[in-house]
Amino acid sequence: MVLDVSRHLNRVLSVDPDAQAATVEPGVLLDDLQRAAGGHGLRFGPDPSTHSRCTVGGMIGNNSCGSRALGYGRTADNVVALTVLTGGGDCLDTATARPAAVPVLAALQAVTTRYLGTIRTELGRFGRQVSGYSLEHLLPERGFDVAAALVGTEGTCAITTQATLRLVPAPRHTALVVLGYDSLADAADAAPALLGLAPTAVEGLDARIIGLVRARSGRSAGDEARAVAELPEEGGLLLVELAGPTKDEAIDAARQAVAAAGARTAFSVAEPRQAAAIWRVREDGAGLVARPAGGRAYHAGWEDAAVPPERLGSYLRGFDALLAEHGLHGLPYGHFGDGCVHVRLDFRLAAPDGAQAFRRFLLAAADLVAANGGSMSGEHGDGRARSELLPRMYSATALAAFGAVKDVFDPDGVLNPGVVVAPVPVEQDLRPVRRHSYRAGLGFRYPADGGDFGRAVSRCTGVAKCRADLTANGGVMCPSYLATRDEKDSTRARARVLQELVSGAIPGRWRSAEVAQSLELCLACRACSADCPTGTDMATYKAEALHQRYRGRLRPPSHYALGWLPRWARIAASAPVLANALLGMPGVA
């Protein structure tokens, strides 16, 4: 059973500007919360690149951070209280519950006492240590903060039904500095020196990603195209945001950053619209690197490892060597001020030994992160892809502590089993790649995907920009989802159904009821082809599906009546009196 709280539990219940706090339901979108808080000059600090469609409940689930966590902290640092339903059926309000009166909390306190030494020495070593459970919040010196400890448990302990969040004053003025270096590792080496300037964000970006954006927006004259044209072409970039109470102070901080950075090239941006366009390039990173060249798919799986910032340059050089050893490629980017790196890799999952090759790489990458004192996950959570790797960074005692906490909240193991505690092997839940080559008899050519319909529909990687209301920024994707708010009507859901079609998992293939139902409300408006960073073009895919569905068959009467409307109009224009007479007859009309 999957609970989607975004459709109904999606209200901002209150904003208290005096207390600088907001109370929300878990399905509220981050952008909606920011709009509600913005009216009081406040904001919620963490802001993932998916802010237009991520829910606060999801951010609580995996302890989201985003680009500006450097200035405002992680989600765990900004949660005041939670109301949750535990796996054992207890409704718990962390603001009012006390261990002496609540058995669940009494048991949790006992677990904390039992593992006190391990929690103090192994957890909370650096900001992006997100893997496992953040039990350091339960330490006596931290006030036994149950709400903060539940953040990042990935739905394995409790279901959030309400959250009270800490808000912060929105910065009055910001300046963005763009720094270019010979390599991404060199950019990472420079990041720690900038932290003393109290930046709100220090982001790293592989310059090859800028090349992808240039290729996508080369014919455009919009803000993004102009912003990209000014970006340096060095191997690695840093985007540094600095805030100040006045515009002059923000600009002065930017000058200090340029002086301290040791970059080959540098320029600053104080104009908000231009800065926003550059940030959109960074926000689209997850989609852009999913299909960078040649139609080859780049997959998630090792996507958000983190190391202490002072170790990041060394880690990236070792990671490059590891990729070369395993014959893999990726375009890294991420939160370099926090030591967190995002990347998708071209795992050959369809190869005969694809699953085992995937496993071998993950084990080697986990050892590299552990050797650099890092965390398997820096903000996305361990999930099924990385939970088995936790023994490479934690002792058996720490893992036992995680298991004991899981047993306190979820004694029967009904919530998200197999994640963090008692994980399955990393390759066990890989979706089988059984893609059939769809090249012959197609209605469209799909030149960017090697003429293969299967590759075309696999462009979608689920980054979910189609679930966002983009109208405020000139976007329109996806109107049918915005009308129904039902996941099945999103572009990514339709793409997933078509991926199942080409994999042979749907009986009936083109003529199946599942395919027809999935595509029914698609307006073929082509908004996705413009707004989706991976280039998903559902209008073309729907036309292909309808072409294949009715190929060699009679179509419904409406197809002939409306699809041939230009023909009927030409015929009617040649004999208007006769046409009007016929249209006056009930059956013909």
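In the predicted model, strand S4 (residues 79-86) and strand S6 (residues 158-166) run antiparallel and are joined by seven bridges.

Strands S4 and S6 belong to an open sheet of five strands, in which the pairing is antiparallel and the order is S1-S2-S6-S4-S5. The edges of the sheet are formed by strand S1 (12-16) and strand S5 (91-93). Each of these edge strands has a single partner strand, so one side of each is left without a neighbour in the sheet. On average, neighbouring strands of this sheet are turned by 15° against each other, with direction ignored.

A second element of the model is a pair of packed helices. Two packed helices are described by the angle between their axes and the distance between the axes. For helix H7 (residues 184-194) and helix H10 (residues 247-261), the packing angle is about 130° and the axes are 9 Å apart. An angle over 145 degrees would count as roughly antiparallel, and one of 65 to 115 degrees as roughly perpendicular; H7 and H10 are therefore oblique to each other. The crossing of H7 and H10 is right-handed.

The contact between the two helices involves Ala-190, Ala-193 and Leu-194 on the H7 side, which meet Ala-257, Ala-260 and Ala-261 in H10. By class, six residues in the contact of H7 with H10 are nonpolar, while no polar and no charged residues are present there.

Key
Residues are numbered from 1 along each chain as its sequence is written. This is a predicted model: local features need pLDDT of at least 70, side-chain atom pairs count only at pLDDT 80 or more; totals for chains, interfaces and linings use all residues. Side-chain values use heavy atoms; hydrogens and water are left out. Two strands pair if DSSP finds at least two bridges between them. Helices (H or I, at least four residues) and strands (E, at least two) are DSSP runs, numbered from the N terminus. Axes are lines fitted to C-alpha atoms, for helices over the stretch in contact, and angles run from 0 to 180 degrees between N-to-C directions. Angles under 35 degrees count as roughly parallel, over 145 as roughly antiparallel, 65 to 115 as roughly perpendicular and the rest as oblique. A crossing is left-handed if the near helix is turned anticlockwise from the far one by less than a right angle, and right-handed if clockwise. Contact means heavy atoms within 4.5 Å. Ala, Val, Leu, Ile, Met, Phe, Trp, Tyr, Cys and Pro count as nonpolar, Asp, Glu, Lys and Arg as charged, and the others, Gly among them, as polar.
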